Amino acid sequence: MGSPHWKRLCLLLMAGLTSSLLLYSHYYATMGAPSSQRIIASLLQPEPLVLAASGTSHRAGSRRWALGGNLDSGNSFKPSAELEEPEPSGKQPSPCLHSVMARAKADPKFREIFRFDTPVLMWDQHFTLETWNRLKARHVPYGWQGLSLAVVGSTLRLLNSSANRHLWDRAAFPGRCVRCAVVGNGGILNGSRQGRAIDSHDLVFRLNGAVIKGFEEDVGTKVSFYGFTVNTMKNSLIAYEEYGFTRIPQGKDLKYIFIPSDVRDYLMLRSAIQGTPVPEGSDKGDEPQKYFGPKVSAEKFKLLHPDFLQYLTARFLRSDLLNTQYGSLYMPSTGALMLLTALHTCDQVSAYGFITANYEQFSDHYYEVEKKPLVFYANHDMMLEAALWSSLHRAGIITLYQR
Ligand SMILES: *[C@@H]1O[C@H](CO)[C@@H](O)[C@H](O)[C@H]1NC(C)=O
Ligand SMILES: *[C@@H]1O[C@H](CO)[C@@H](O)[C@H](O)[C@H]1NC(C)=O
């Protein structure tokens with residue numbers, strides 16, 4: 001193939017043409033500076049999350065978040081009608097005093113936002129007529145609108161092992177606080193020498209272009225979970241190949257977390273468990289063992305619940321972008337979804353390589369040789385994510401690595 005730059009450009013063009021409309025920071029320049037007030041306002045926004053159909057025009061500016069005022073009173077907060085009562089998630093009890101849950105419940109703002117009984121994962125028992133009827137009214141990743149019942153049903157039916165119902169088994173950590181590290185790919189990790197600290201966690205989450213070789217001192221080597229959408233996984237293999245991201249992390253104890261952002265994710269997951277090539281769609285003919293290794297079974301895979309993605313977006317990352325023409329494309333970044341998944345499953349959570357207030361000092365990723373500015377995609381709201389991490393860190397709910 002030609003030069004890496006050519007490849008990158010090509011990838012971006014392809015992605016733009018196919019679906020996800022990747023626009024750069026020019027757009028963001030108009031979105032305003034990060035402000036902690038803004039996130040608080042948006043966190044407490046009581047209206048249901050509305051995801052506009054693409055192509056519709058919007059009442060621009062008619063739903064600005066109210067800034068100023070006494071944002072901490074939180075008295076007017078009501079859970080949105082769109083968020084149904086979650087089914088019990090069967091969460092295993094934690095023996096941990098200084099847990100995410102304990103700290104969140106002690107915080108006046110975050111105790112109104114977290115709902116620890118929201119189911120995180122989806123498995124075969126969720127495939128009921130009631131769930132189908134409910135989720136087919138919401139588009140992906142928050143539901144199943146436009147997806148075939150046969151594809152969703154046959155995929156979920158394969159997620160029938162007990163390992164599909166929880167991220168990890170508390171019995172493996174008797175009487176312990178289970179500490180998780182979530183490793184984003186931010187340039188802040190270059191030269192950080194955090195590898196040992198990261199690997200000292202019980203469980204380590206990584207995602208997308210998680211280059212390890214050559215960066216062990218900075219990012220460690222342990223991988224308990226790898227999170228992705230089929231789109232971000234395949235794009236990472238193309239875009240970061242030049243930095244050594246030539247294959248998806250594999251390992252005996254490694255589990256994959258599928259983010260169901262498209263029918264592609266259901267199709268790839270089903271084929272991965274069946275050990276067959278993808279039979280239809282844009283990944284037709286693709287062999288899942290190329291990504292996940294040979295002889296993988298259902299226990300290897302976790303599928304995030306569309307209700308969980310809806311809850312996270314509505315309560316933690318309800319972006320102003322939802323009110324723009326890009327509203328239907330918006331979703332939290334893969335890193336945000338992994339960090340929030342850890343927050344709802346682990347006792348303690350450290351975040352490495354996530355966006356911080358001084359992000360401009362660092363390259364986009366830790367493995368770039370020459371500094372590249374952080375790329376802002378129109379379908380994510382990195383400034384809102386930055387404000388959330390900083391806010392969670394100040395509340396003592398996560399430990400955010402900063403320098
Ligand atoms: C799960 O489903 C597969 C395929 O239908 C079946 O072979 C397997 O025995 C089931 N496993 C469990 C634990 O029920
Ligand atoms: C990352 O660190 C290495 C070693 O310190 C340095 O040579 C390289 O330029 C850095 N990359 C960026 C993008 O700053």
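**Questions about a predicted protein chain**

Biologist: Does R193 count as buried or exposed?

Modeller: At 59% relative accessibility, R193 counts as exposed. Buried means under 20% relative accessible area, exposed means over 50%, and partly exposed lies in between, with a 1.4 Å probe and protein chains only.

Biologist: What kind of model is this, and how are things numbered?

Modeller: This is a predicted model, in which local features need pLDDT of at least 70 and side-chain atom pairs count only at pLDDT 80 or more, while totals for chains, interfaces and linings use all residues. Residues are numbered from 1 along each chain as its sequence is written, chains are lettered from A and ligands numbered from 1 in the order in which they are written, and side-chain values use heavy atoms, with hydrogens and water left out.

Biologist: Back to R193, where is it found?

Modeller: R193 is found in the loop between β1 (179-183) and α7 (195-199). Helices (H or I, at least four residues) and strands (E, at least two) are DSSP runs, numbered from the N terminus. R193 is not a glycine, although its phi is positive, at about 55 degrees.

Biologist: What about phi of N208?

Modeller: N208 is a residue other than glycine with a positive phi, near 40 degrees. N208 lies in the loop between β2 (203-207) and α8 (216-219). With a relative accessible area of 13%, N208 is buried.

Biologist: Which peptide bond is cis?

Modeller: The bond from V140 to P141 is cis, and its omega is near 5 degrees. P141 lies in the loop between α5 and α6.

Biologist: How many helices and strands does the protein chain have?

Modeller: The protein chain has 14 helices and 7 strands. Of its 403 residues, 57% are buried. The accessible surface of the chain is about 17700 Å², and 54% of that belongs to carbon and sulfur atoms. Such areas come from the Shrake-Rupley method with a 1.4 Å probe, and for residues only the protein chains shown count as cover.

Biologist: What about contacts between residues at least 6 apart in sequence?

Modeller: Among those contacts in the protein chain, 74% join residues at least 24 apart. Contact means heavy atoms within 4.5 Å.

Biologist: How many residues of α12 are buried?

Modeller: Helix α12 (residues 306-315) is mostly covered, with 10 of its 10 residues buried. Among them are F308, Y311 and R315.

Biologist: And in α6, which residues are buried?

Modeller: In helix α6 (residues 149-158), V151, V152, G153, S154, T155 and L156 are buried. The buried residues of α6 pack against α5 (129-135), α10 and β5 (301-303).

Biologist: How do the axes of α6 and α10 cross?

Modeller: The axes of α6 and α10 come within 9 Å and cross at roughly 40 degrees. Axes are lines fitted to C-alpha atoms, for helices over the stretch in contact, and angles run from 0 to 180 degrees between N-to-C directions. The two helices, α6 and α10, are therefore oblique to each other. Angles under 35 degrees count as roughly parallel, over 145 as roughly antiparallel, 65 to 115 as roughly perpendicular and the rest as oblique.

Biologist: Which residues of α6 and α10 meet?

Modeller: A150, V151, V152, S154, T155 and L158 in α6 meet V263, Y266, L267, L269, R270, I273 and Q274 in α10. By class, this contact of α6 with α10 has 9 nonpolar, 3 polar and 1 charged residues. Ala, Val, Leu, Ile, Met, Phe, Trp, Tyr, Cys and Pro count as nonpolar, Asp, Glu, Lys and Arg as charged, and the others, Gly among them, as polar.

Biologist: At what angle do α9 and α10 cross?

Modeller: Helix α9 (residues 230-239) and helix α10 (residues 263-274) cross at roughly 80 degrees, and their axes come within 8 Å. That is why α9 and α10 are roughly perpendicular to each other. V230, N231 and K234 of α9 make the contact with R264, D265 and M268 of α10. The residues of this contact of α9 with α10 divide into 2 nonpolar, 1 polar and 3 charged.

Biologist: One last pair: how do α13 and α14 pack?

Modeller: Helix α13 (residues 334-343) and helix α14 (residues 382-394) pack at an angle of about 25 degrees, with their axes 12 Å apart. That makes α13 roughly parallel to α14. The contact is made by A336, L339, L340 and L343 of α13 and by E385, L388, W389 and L392 of α14. By class, the contact of α13 with α14 has 7 nonpolar, no polar and 1 charged residues.
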